[in-house]
Amino acid sequence: KRKDGTLKAKSPLFEISATDYAKIQLAFENPREVRSGEAAITLADVAYRAVRADNLSLYAKNDKSGLVVARTHAHYILGTYDGSMFASVCAEAVEKLGEPFPPFHPPRRALSRT
């Protein structure tokens, strides 16, 4: 859950550290910065380089493996893939898992009148 970092569902043996969770949060808060970093995101001691990041999704790679994260209003949905899988299949699965949840809508910035 995005608000407090609690896991609502997970695969057996999957664990995410508070540090890894904080890096994922930061990646969504500063997508431009995470795209420019060489190894900006870690998960289970594996460093991933972001190849795409915006306010709704994050795609990162490490050699032939990768990480896909979808952001909903209240949750992050994570998926990983290895060299024997297609990244597109992982991305589609993660995004479909997020469909039942309300989408994330960034706060609107007030327009200043000059």
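Visitor: Which residue in β5 does Arg71 stand opposite?

Guide: Arg71 stands opposite Tyr76 in β5. Before we dig in, this is a predicted model, where local features need pLDDT of at least 70, side-chain atom pairs count only at pLDDT 80 or more, and totals for chains, interfaces and linings use all residues. Residues are numbered from 1 along each chain as its sequence is written, and side-chain values use heavy atoms, leaving out hydrogens and water.

Strand β4 pairs with β5 (residues 76-81) in the antiparallel sense over six bridges; two strands pair if DSSP finds at least two bridges between them. A hairpin of four residues links β4 to β5.

β4 also runs antiparallel to β3 (residues 57-62), with six bridges joining them, and Ser57 has Ala70 as its bridge partner in β4. In that hairpin, Asp63 takes a positive phi near 55 degrees.

Now for cover: seven of the seven residues of β4 are buried, meaning under 20% relative accessible area with a 1.4 Å probe, counting protein chains only (over 50% is exposed, in between is partly exposed). In a regular strand, side chains alternate between the two faces of the sheet. Here Ser65, Leu67, Val69 and Arg71 point one way, and Gly66, Val68 and Ala70 the other.

Ser65 counts as buried because its relative accessibility is 18%. Beyond neighbours within four places in sequence, Ser65 is in contact (heavy atoms within 4.5 Å) with Tyr48, Ala60, Tyr81 and Asp82.

Note on methods: Helix = DSSP H or I, 4+ residues; strand = E, 2+ residues; numbered from the N terminus.
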